[in-house]
Amino acid sequence: MKTTTDGSGDVRLDGIGKTYGDFTAVHPLDLTVPQGSFFALLGASGCGKTTTLRMIAGLEEPSCGTVRLGDQDVTRLPPYKRPVNTVFQSYALFPHLDIFENVAFGLRRRGIKSVKKQVGEMLDLVQLGEQARKKPHQLSGGQQQRVAVARALINHPKVLLLDEPLGALDLKLRRQMQLELKRIQTEVGITFIHVTHDQEEAMTMADTVAVMNAGRVEQQGSPTELYENPRTTFVANFLGTSNLIEAEVDSRSGDDIVLRAGDGKLLLPSARCSAPAATGEKVLAGIRPEKIALTHADDAGALPDGRNRLTGTIADASFIGVSTQYVIDTPVAGALAVYAQNVERDTRLAPGAEVVLHWNPAHTFALDAAQDIDAGTEEEAAL
């Protein structure tokens, strides 16, 4: 069932932008989506991701720039002439038609008489072959979503656009459908472009993620690259949780940069510093909560040399099953988050306990301190 990857499915946006009067929804951007990839546009509500998707679909006319699918410039083509199909959150199934006829609709509209084999193959692909004669209202939300995907794929588009397709599903079903959609995309080999505000969803499904903020792409890369090496405070905070510590470049030690944070020093690899690194420059040293280990202050002498260290006091501890999430008050950086797996819990690590936070310097990254330290956090989004 897998299609050939001849490059015809490449999506290339060159200087594409969209304004409504004085409001700029999407600032001119360049974006390339490789053929056969699962690509996610990720961002909060109002960031421009859906507008970008709609410009690819032809549902919005760009104010500037071009949209190319493979070698074809489709910027001025109407939606029905573009080799793309869109799956929306609402599914938009025909309630009076059974599942078979919903999937067959596109073929019949094109005048194709013999549809049984194609529809059967598509229903098998989405694992709904036995549901063919049911009406949409007899199916679960996840099953209806799969029908919508099958109906879109049966026309063999070069690109399938997914606009928040799992937003109406509950958490458990949403996670199941994330794996289902990834399986389907891998099997058919068609380029999927998926718009979502859910960080976990984008990282679970996509080969490449473009993080959007205020009409611009902040950073693009693999989920691992974005999480481990964020280039902006927005990406660092929006994808998971980051502890950002105000520091100053002190000196260099081989391939490492030495930072001064309060009265202490922190090391980070030069390659993980995306800020000006001259002596005296202000930076934000970042460390993910799960990379930090906690040791009771009484055992601090047993820690190995070479690790970054901060001291603090446990302000709060929340047991959430697989891990315990701590909030540590530190004199250098205020409140820091630490996530510790519940493997061998130290019962002394309770609120009020004096602790040492320590981690491998290789897990530290640094960002330009000129940025908003709170960009991308839930607190900032609520303002």
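Colleague: Is phenylalanine 105 buried, partly exposed or exposed?

Modeller: In this predicted model, phenylalanine 105 has a relative accessible area of 33%. Buried would require under 20% and exposed over 50%. The residue therefore falls in between, and phenylalanine 105 is classed as partly exposed.

Colleague: How many aromatic pairs does the structure hold, and what is the geometry of the one formed by phenylalanine 38 and phenylalanine 192?

Modeller: The structure holds three aromatic pairs. In the pair of phenylalanine 38 and phenylalanine 192, the ring centres are 5.4 Å apart and the planes meet at 50 degrees. Planes under 30 degrees apart would count as stacked and over 60 as edge-to-face, so this pair is tilted.

Colleague: How many residues apart in sequence are the parts that this pair ties together?

Modeller: Phenylalanine 38 belongs to strand S3 (residues 38-42), whereas phenylalanine 192 belongs to strand S8 (residues 191-196). Both phenylalanine 38 and phenylalanine 192 are buried.

Colleague: What is the distance between the ring centres of phenylalanine 94 and phenylalanine 105?

Modeller: Phenylalanine 94 lies in the loop between strand S6 (84-88) and helix H2 (99-109), and phenylalanine 105 in helix H2. Phenylalanine 94 is partly exposed at 26% relative accessibility. The pair is tilted, with planes at 50 degrees, and the distance between the centres is 4.7 Å.

Colleague: Which residue has its charged end over the ring of tyrosine 227?

Modeller: A charge over a ring also occurs at phenylalanine 100, where arginine 133 lies over the face at 4.4 Å from the ring centre. At tyrosine 227, the charged end sits 3.9 Å from the centre of the ring, and the residue is arginine 288.

Methods:
Residues numbered from 1 in each chain as written. Predicted model: local features only at pLDDT ≥ 70, side-chain atom pairs only at ≥ 80, totals over all residues. Heavy atoms only, no water. Phe/Tyr/Trp six-rings, centres within 6.5 Å; stacked < 30°, edge-to-face > 60°. Helix = DSSP H or I, 4+ residues; strand = E, 2+ residues; numbered from the N terminus. Buried < 20%, exposed > 50% of the residue type's maximum accessible area, 1.4 Å probe, protein only. Lys NZ or Arg CZ within 6 Å of the ring centre and 35° of its normal.
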